[in-house]
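Here are my notes on the model you sent.

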Amino acid sequence: MDIARFMQGYKTAWETRDKAMFAALFTPDGVYHNTPFATQRGHAELAAYWSRIELQSDIALQYEVLATLPDAGLAHWHVTYQVTSEELFRIWAASTGTSMVARQPGETGIAQWVTEQIKQV
């Protein structure tokens, strides 16, 4: 599968929250690196990992294919979504190893940062 088809499938799978479609983008022993330190291998692990998207809404993914080779490709992508669960936020923060600022329920990290910056003015 070329990078353009992969990215279109990735976009569709994420925006429709379809974990079977996501897993099908990979070979049976395919590997997904969701961070530099965590990987999922094979369709069962991929689908289990992708279950996290059930806690997201208003998903919008944009991408640009930067390079295409016969067996590889490079794309830049960006996704936005609403976190519908504090559980998802804690899972994300733990999976990235990121120390997140304290925030109010329902408030995104960036909203907290902006609020703190305004208070300092």
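1. pLDDT is the predictor's confidence in each residue, from 0 to 100. Helices (H or I, at least four residues) and strands (E, at least two) are DSSP runs, numbered from the N terminus. This is a predicted model, in which local features need pLDDT of at least 70 and side-chain atom pairs count only at pLDDT 80 or more, while totals for chains, interfaces and linings use all residues. Residues are numbered from 1 along each chain as its sequence is written, and side-chain values use heavy atoms, with hydrogens and water left out.

2. The protein chain has an average pLDDT of 80, with 76% of the residues scoring at least 70. Of its elements, α1 has the highest mean (95) and helix α5 (residues 109-120) the lowest (56). Where pLDDT is low, the predicted coordinates should not be read in detail.

3. In helix α3 (residues 42-50), Gly42, Leu46, Ala47, Tyr49 and Trp50 are buried (under 20% relative accessible area; exposed is over 50%, partly exposed in between; 1.4 Å probe, protein chains only). Because they cover an arc of only 165° around the axis, they sit on the same side of α3; the arc is that of the directions from the helix axis to the C-beta atoms. Exposed Ala44 and Ala48 are on the face turned away from the buried side.

4. The buried residues of α3 pack against α1 (3-15), α2 (19-24), β1 (31-35) and β2 (38-41), with contact meaning heavy atoms within 4.5 Å.

5. Rings of Phe, Tyr and Trp (its six-membered ring) pair if their centres lie within 6.5 Å; planes under 30 degrees apart count as stacked, over 60 as edge-to-face and the rest as tilted. This rule gives 17 aromatic pairs. One of them, Tyr10 with Trp50, is tilted, at 5.8 Å centre to centre and 45° between the planes. Tyr10 in helix α1 and Trp50 in helix α3 are 40 residues apart, so the pair links distant parts of the chain. Both Tyr10 and Trp50 are buried.
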